[in-house]
Amino acid sequence: MASKRKYERRFTSRDPKINHGMDPAGTKPSGLMMRMTNTFDLSGKVALVTGGSRGIGKAIALGLAEAGADVAVVSRTLADLEKTASEISRIGRRSLPIAADVGKKDNIDNLVAKTLAEFGQINILVNNAAMFMPRAMLDADEKYWDQYMSVDLKSYFFMCQAVGRSMIKLGAGNIINIASVNGIRPNVNSGVYAICKAGVILMTKALAKEWGPYNIKVNAIAPGVVETDMSKPLRENPERLKQHLQKTALGRIIQPQELVGTAILLASDAASSITGQIIAVDSGESI
Ligand SMILES: NC(=O)c1ccc[n+]([C@@H]2O[C@H](COP(=O)([O-])OP(=O)(O)OC[C@H]3O[C@@H](n4cnc5c(N)ncnc54)[C@H](OP(=O)(O)O)[C@@H]3O)[C@@H](O)[C@H]2O)c1
């Protein structure tokens with residue numbers, strides 16, 4: 001409760017930056033807020049992106065850096081992360097590559113502590129690292145179930161909890177969970193993955209409610225099929241690809257860069273009143 005009271009004091013501050021673009025009374029957008037070109041600017045912000053070594057996570061990490069943020073990136077493979085980190089440095093932002101397995105809670109605690117030690121704060125969390133191993137639910141044994149739950153669901157929760165604690169102290173934060181259209185409309189042979197992603201979607205809404213009073217916004221992006229390593233088996237199977245494309249309104253798969261704009265929106269002041277939302281970036285698959 002002490003932290004909540006601290007946040008309430010900050011929210012009524014006369015400093016427009018602390019007041020999140022609202023007028024001092026907090027009733028209407030101030031001039032600062034109305035300068036729309038600035039509302040997407042992430043200068044001075046620190047982002048932590050899991051799965052930032054390739055695919056969607058890498059595209060989002062570079063996009064947040066382009067928008068002005070310093071970015072810590074996490075995955076299990078340091079060599080891949082170092083490539084992302086040097087691209088972030090070339091953009092002119094600070095970066096921190098951290099090798100960790102997000103399926104393990106002690107790794108999560110360490111990586112969040114390392115990021116805070118390096119940058120002093122975390123303003124944006126992108127929970128993105130996940131695995132996808134299609135299997136019929138009748139063939140899902142306990143090991144398969146436990147591995148999925150650790151990496152695709154438990155990691156999202158404990159990343160939110162560890163980073164959320166530091167955001168509560170800051171009095172603000174933006175969390176973006178990368179879910180999937182599978183968590184809304186499950187596909188055959190992706191049942192356990194879909195259960196995890198549905199859990200991520202409900203976690204997003206539950207955290208948004210619980211942490212709204214601390215000015216922490218929690219939203220999710222639900223991608224359709226994106227051209228990354230994860231979707232290779234589907235994309236390289238002409239019959240499955242054809243069936244998939246028929247389900248989409250746009251009739252095409254998605255490029256990782258097409259998720260960047262939504263991520264910048266949800267990370268920025270432009271989304272200052274958006275929380276608990278699930279935004280499908282899916283070529284119209286979920287319609
Ligand atoms: N691609 C799609 O079609 C699609 C569709 C819907 C949703 N999504 C979601 O989008 C997100 C990103 O997917 P993607 O397609 O970019 O996947 P990807 O290309 O396979 O990349 C996954 C990233 O997560 C990291 N990672 C995996 N397991 C990890 C672990 N235990 N600890 C730490 N890092 C780990 C990987 O690095 P290491 O292997 O080196 O650890 C890599 O950086 C996922 O949440 C996925 O479910 C993807």
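The expected span of a helix is taken as 1.5 Å times one less than its number of residues. The model is predicted: local features require pLDDT of at least 70 and side-chain atom pairs count only at pLDDT 80 or more, whereas totals for chains, interfaces and linings use all residues. Residues are numbered from 1 along each chain as its sequence is written.

Burial is assigned from C-beta atoms placed from the backbone: a residue is buried if 20 or more other C-beta atoms lie within 10 Å of its own, exposed if 12 or fewer, and partly exposed in between. Because 10 of the 12 residues of H4 are buried, the helix is largely enclosed by the rest of the structure. The buried residues of H4 are Ile56, Gly57, Lys58, Ala59, Ile60, Ala61, Leu62, Gly63, Leu64 and Ala65. After H4 comes Gly68, which has a positive phi near 120°.

Helix H5 (residues 78-91) contains 14 residues and reaches 20 Å from its first C-alpha to its last, close to the 20 Å expected at 1.5 Å a residue. Leu81, Thr84, Ala85 and Ile88 are the buried residues of H5. Seen down the axis of H5, these residues fall within an arc of 100°, so they line one face of the helix; the arc is that of the directions from the helix axis to the C-beta atoms. On the other side of H5, Ala79, Ser86, Ser89 and Arg90 are exposed. The buried residues of H5 pack against H4, E2 and strand E3 (95-99), with contact defined as C-beta atoms, placed from the backbone, lying within 7 Å. Gly92, with a positive phi near 100°, follows H5.

Strand E5 (residues 173-178) is largely enclosed by the rest of the structure, because six of its six residues are buried. Gly173, Ile175 and Asn177 point one way from E5, and Asn174, Ile176 and Ile178 point the other way. Four bridges join E5 to strand E4 (residues 124-127), and the two strands run parallel; pairing requires at least two bridges found by DSSP. Asn174 in E5 is the bridge partner of Ile124.

Gly191 lies in helix H8 (residues 191-211) and counts as partly exposed, with 18 C-beta neighbours inside 10 Å. Gly191 and Arg135 are 56 residues apart in sequence but 7.6 Å apart in space, C-alpha to C-alpha. Residues up to four places away in sequence not being counted, Gly191 touches Met137 and Pro186.

The protein chain has 11 helices and seven strands, and 42% of its 287 residues count as buried.

How values were computed
Contact = placed C-beta atoms within 7 Å.
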